[in-house]
Amino acid sequence: MSPLSSDSEPIAGDRPVKLVIVTGSGRSGTSTVAGALKMLGSYVPQPEIPPNEANPRGYFEPTWVVVFDKKVLAEAGVKTLDGRPTATELMSEVTGREDLLQELSEWFSGQLLAGQIVVKDPRIVWLRDMWGQVAVDLGLDTAWLTMLRHPAEVVGSRDRHYLANADESRRVTRETANLAGWVNVGLVNERSSRGGRRAFVHYSSLISDWRSTMADVAKRLDLTYDYDLVSGDHHPVDDFIDVTLRRVQVTLDDLDVPANLREIAENVWNGLDALSHDPDDVEAMATLDRMREQYDRLFAHSAALVQDATDSAIEQTRRKVRQQVTRRLTKAAEAADAQSPGAADGRSTLRRAAGRVRRVLRERRA
């Protein structure tokens, strides 16, 4: 099977179009597996996000998808690696909107150019319901592929690529936040994929033996390739996947994070590892459900612990905003006075406006 040209008609036949959605935390090998799937004959909607210094081999992410997913997350106020247990509720208020569903459906209906389509974007974990609904409406056979990489390596890799020039305080803060985000996103991703066709794939397995790993993926997700994986013939994936890609190898003990968060992360990792062997492992899913409860309690206690600091930061920000607005309105009044000394009404209006701004800010604080 090979992708058709951009002006081809959608595939017809007995076998429905297969949609493979690749998820997983950033820096966990999602680009590597998406690239391998493309090289093995799957179609990635064009154009793609171009390679850059952070990912020189390419992201294999459709540009439209990234722009759309970012927009939806922004409207919900959710980050890609969001550690808040309430993030799913915030997303549900947006992902059910008819205008967004229609926008996604209209774009995707024009992308059915092959029998097997790969869409990869780590943000999709938050939009799973939206993508799932559109896929059902279009009659697609959807499978979910989640890449796994130990959280210590994910956090360490993010440090290396995104915090290389950060000071120690910033680095420690982000390490804890990124580990919390890894836990929360991992739990959301696993829980929401239950009951569907899914596979959990270790990044280390993919880069050490891509043929065996991709054969297992094909079996679990009912995929087809245009290359015989048991063949010893050289394939472009041999050049694409480099065992040295796994440059960051650290443990949770190497990170300056709270011990209880470290313990939860390790248990989540163990649960996901078990699902890589059996996606329907009941005991593993029960463990992850317990970790969901423990993480939610830890998050609530952590928020309470820093409540005074949070309130203080909010108040300081409000005070600065009031001061800035007052200064700007005062300068505007002085400028109006200098240009038209007799324009008392204009100056009074500006001063009244400044007073109203201050009152509104005080009322919101109350």
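This is a predicted model: local features need pLDDT of at least 70, side-chain atom pairs count only at pLDDT 80 or more; totals for chains, interfaces and linings use all residues.
1. Start with helix 11 and helix 12. Helix 11 covers residues 259-277, and helix 12 covers residues 282-305. Their axes come within 9 Å and cross at roughly 155°. An angle over 145 degrees counts as roughly antiparallel, so helix 11 is roughly antiparallel to helix 12. The crossing of helix 11 past helix 12 is left-handed.

2. Which residues of helix 11 and helix 12 make the contact? From helix 11 come N260, L261, I264, N267, V268, G271, L272, A274 and L275. From helix 12 come A284, M285, T287, L288, M291, Q294, Y295 and L298. Sorted by class, this contact of helix 11 with helix 12 has 12 nonpolar and 5 polar residues. It has no charged residues.

3. Helix 2 and helix 4 form another pair to look at. Helix 2 is residues 63-76; helix 4 is residues 98-109. The two axes come within 12 Å and cross at roughly 175°. Helix 2 and helix 4 are therefore roughly antiparallel to each other.

4. On the helix 2 side, the contact uses W64, V65, F68, K71 and V72. On the helix 4 side, L100, E103, L104 and W107 meet them. By class, the contact of helix 2 with helix 4 has 7 nonpolar and 2 charged residues, and no polar ones.

5. The structure holds 3 cavities of 30 Å³ or more. The largest cavity has about 110 Å³ of space. It is lined by 13 residues. Closest to its centre are S25, T146, M147, G186 and L272. L272 is also part of the helix 11 contact with helix 12.

6. Where does the lining of the largest cavity come from? Strand 3 (141-148), helix 7 (168-192) and helix 11 each supply at least two residues. Helix 7 gives the most, with 4 residues. By class, the lining of the largest cavity has 7 nonpolar, 5 polar and 1 charged residues.

7. The second largest pocket has a volume of about 790 Å³. Its lining holds 24 residues. The closest to the centre of this pocket are T176, A177, A180, F299 and S302.

8. Helix 7, helix 11 and helix 12 are the elements that give two or more residues to the lining of the second largest pocket. Helix 12 gives the most, with 7 residues. The lining of the second largest pocket divides into 11 nonpolar, 8 polar and 5 charged residues. Helix 7 and helix 11 also each supply at least two residues to the lining of the largest cavity.

9. Look also at the loop between helix 1 (30-39) and helix 2, where P47 lies. The peptide bond from Q46 to P47 is cis. Its omega is near -5°.

10. Which values of phi do R27 and D222 have? R27 has a positive phi of about 75°, although it is not a glycine. R27 lies in the loop between strand 1 (18-23) and helix 1. D222 is not a glycine either, and its phi is positive, at about 60°. D222 sits in the loop between helix 9 (210-221) and helix 10 (236-240).

Terms used
Residues are numbered from 1 along each chain as its sequence is written. Side-chain values use heavy atoms; hydrogens and water are left out. On a 1 Å grid over the protein atoms alone, a cavity is a set of points where a 1.4 Å probe fits but cannot get out, and a pocket is an open set with protein on both sides within 12 Å along at least five of seven lines; lining residues have an atom within 4 Å of a point. Grid points are joined across faces, edges and corners, and a volume is the space filled by probe spheres set on the points. Ala, Val, Leu, Ile, Met, Phe, Trp, Tyr, Cys and Pro count as nonpolar, Asp, Glu, Lys and Arg as charged, and the others, Gly among them, as polar. Axes are lines fitted to C-alpha atoms, for helices over the stretch in contact, and angles run from 0 to 180 degrees between N-to-C directions. Angles under 35 degrees count as roughly parallel, over 145 as roughly antiparallel, 65 to 115 as roughly perpendicular and the rest as oblique. A crossing is left-handed if the near helix is turned anticlockwise from the far one by less than a right angle, and right-handed if clockwise. Contact means heavy atoms within 4.5 Å.
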